[in-house]
Structures are given as structure tokens and as C-alpha cells.
Amino acid sequence: MKSDCGISVIAEVGCNHKGDMEIACRMIEIAARECGADVVKFQKRDNKTLLSESVYNSPHPVPKNSYGRTYGEHREFLEFSAGQHRELQEECRRHGIEYSTSVWDLVSASEIVALKPAMIKVPSATNQNFDVQEFVCREFDGEIHVSTGMTTRVELDALISFYEGLGRAKDLVVYACTSGYPVPPEDVCLLEINHLQERYGDRVGAIGFSGHHLGIAIDVAATALGAAGAERYGQGRFSYIERHFTLDRAWKGTDHSASLEPQELRQLCSDIKTVASALTYKPMDILDIEVPQRHKLKWREGTQAFQSKKLLNKVS
Ligand SMILES: C=C(OP(=O)(O)O)C(=O)O
């Protein structure tokens, strides 16, 4: 999943397709062809496994976002079957973009593992479900992406050790994340990227950032911080930025408000590539682009700088 600049942008469709395959397919096409994203990601839940009967049958906590009479019905409305995920994967292939999904429970994990995607995600909500993760480690040999919102430092240590114990830590991508919709800038805690690099960078495959904030400035900063952190610590390659993606932020649903619309996702993909290509040291004292300026603006008879060199020569 390497993009040319070393950082892949994941367009997280999640449930923003409103349960409609046509919208989901249109989102794949737009993310790939118009925005230049590298991965399109969905979510998979087996709601009867995941939710207790009482939660399943109770109303959505935020009724204006609900697609059903109960929370369970709402979730089922937004859910695609394993067969539909196969179609989405095929659609991604047709548009030359990687398909991925987060798995929220064992049933979903086994359905998605069967599709053999290049990468599977374990969302923040599931990162302490070791049955799911053990299954994924055992049955799936691609990259495993794990997000760390709502996770204590102790839980995180245990999580990394768990993957090491199963010999899969080097296939692990660990994401800095704050779980909120949307997350205000002061709660993004972007320096957690550097914390993950410093503490786990030599133990895991790579580091990522899953953002739920507004706008794209923070992702551009994350790109710079991630590259600088890897350089500083000599470890912890920064490889993925994930953002929710929607065709319309005004649509009904929890995630739309913290999602990027197509023109923003396109700008994000372009800005990340621009910033990534700017993150180098000078490979020589004077770059080729500077040579004519150095002659014209600095070391030419009559310029200030030239005058002061003459002065310097006189003194020495
Ligand atoms: C909720 C998800 O991700 P995160 O924990 O990164 O927000 C997800 O990928 O389904």
C-alpha cells in the first residue's frame, strides 16, 4: 500500500454511504479518480453479536441521526453483507484503489478475512477485543491496522505486547487517534504520533493517524510531524492518514460532520504529497535552483552582499 510519497491517504467511507450500494460505489470512484486517495475503507459489524438485546432494541441515542426505529435497526440499515463487500472490493479494483474494512467482531472478521484484502483495520472500539485480534493474526497475513482512540497507556502497552507475542507486531500499523465527532483542535493531541514513534517505532511496522477533526490543516501538520519523528527517533515510519469521507456533510448520520467532502479530500491528497516531497535536508550547500539567484542577488558587483564581502576581504 505504498503511495509514491510514502504516505497513503485512506478515505474512510465508514457508514457514510447511508446503506446504499450505489452511493458507496460512487464514493469509491470519486475517492480514486477525482481525489487521488490510496485506499477506500468501510466498516463491518455483525450487529446481533455486537449489541446486547437491550441496546439493539433501544432507540438511537441521537434520534435525528437514526435510520431505524431502534439502534439495532439503524445499524442493520447501514450494514452491507459479505457479498456486498466483495462487490465493493471489486469496484475498488476496477478503479485502481485499495479496498479495506474495519472489523468490529468475530463474525465480521471472518467474513472480511475471507476476502483477503491487503489490509484489515481494528477500530479503537475493538482494540481490547483480543478474540477478534487473535483470529485476524492467525487467519490473515496482510497488514493489520489498529487505532488507539479511547485507550489507556497501559492498554496500549498490552496491545503491542499481544501482537509481539503472536509474532505479528511487524505487520502492525498503530494509529494515533482521538475518538470524537468532530474533535476540536485542542483534543487532537497530534504529538501522540511522536509518542507512538518513540515508544513503539522499533517494534511495529508503521505509525498512522486517524483524524476526526474539521478541515485538513492538522493532517498536513501530521505529515510533517510523522516524518520529523521518524527522523528524530530513527524509527516509526509514518505511513497512513485516515479521514472520514462524505459526499455531503449535511447528510444524516454521526460521522458526516467530521468528514471531508470530495474537494477537501482532493486538496488533502495533493497537500500531503507536496509536503512529503518538501521534507528533506539540503543535499548540497547550494541547490541548482539557487545558483542563478546566488549570482544575481548575492555575489554580483553592486549588490549589498558583494559590498560586504569586499569589506570582509579588506579586513582579513
Ligand atoms: C472507528 C474506526 O476507526 P477509528 O477508531 O480510527 O476512529 C473504524 O475504522 O471503524
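Ala, Val, Leu, Ile, Met, Phe, Trp, Tyr, Cys and Pro count here as nonpolar, Asp, Glu, Lys and Arg as charged, and the others, Gly among them, as polar. The views below show a predicted model.

**View 1. The lining of the largest pocket by residue class.** Sorted by class, the residues lining the largest pocket comprise 14 nonpolar, 14 polar and 8 charged. The volume of the largest pocket is about 630 Å³. Its lining has 36 residues, and those closest to the pocket centre are Gln43, Arg45, Trp104, Tyr181 and Asp255.

**View 2. Secondary-structure elements around the largest pocket.** Strand 2 (39–44), helix 4 (71–77) and strand 8 (238–244) are the elements that give two or more residues to the lining of the largest pocket. Helix 4 has the largest share of this lining, with 3 residues.

View 3. The ligand sits in the largest pocket. Around the ligand are 13 residues, of which Ser102, Lys121, Ser124, Ser147 and Ser210 are the closest. Divided by class, this shell holds 3 nonpolar, 6 polar and 4 charged residues.

View 4. For Ser124, a polar side-chain atom lies 2.6 Å from an oxygen atom of the ligand. Ser210 places a polar side-chain atom 2.7 Å from a ligand oxygen atom. In the case of Lys121, the distance from a polar side-chain atom to an oxygen atom of the ligand is 2.8 Å. The ligand taken alone exposes 290 Å², and the protein buries 97% of that area. Ser124, Ser210 and Lys121 are also among the residues listed as closest to the ligand.

**View 5. The second largest pocket.** This pocket has a volume of about 320 Å³. Among the 15 residues that line the second largest pocket, Gly226, Ala227, Ala228, Glu231 and Leu279 are the closest to its centre. The element that gives the most to this lining is helix 10 (residues 217–233), with 6 residues. By class, the lining of the second largest pocket consists of 9 nonpolar, 4 polar and 2 charged residues.

Conventions:
Residues are numbered from 1 along each chain as its sequence is written. This is a predicted model: local features need pLDDT of at least 70, side-chain atom pairs count only at pLDDT 80 or more; totals for chains, interfaces and linings use all residues. Side-chain values use heavy atoms; hydrogens and water are left out. A residue is near a molecule or strand if one of its heavy atoms lies within 4 Å of it. A polar contact is a pair of N or O atoms within 3.5 Å; within protein, one must be able to donate a hydrogen and the other to accept it, and residues adjacent in sequence count only if both atoms are side-chain atoms. Accessible areas come from the Shrake-Rupley method with a 1.4 Å probe; for residues, only the protein chains shown count as cover. On a 1 Å grid over the protein atoms alone, a cavity is a set of points where a 1.4 Å probe fits but cannot get out, and a pocket is an open set with protein on both sides within 12 Å along at least five of seven lines; lining residues have an atom within 4 Å of a point. A molecule sits in a cavity or pocket if more than half of its atoms lie within 2 Å of its grid points. Grid points are joined across faces, edges and corners, and a volume is the space filled by probe spheres set on the points. Helices (H or I, at least four residues) and strands (E, at least two) are DSSP runs, numbered from the N terminus.
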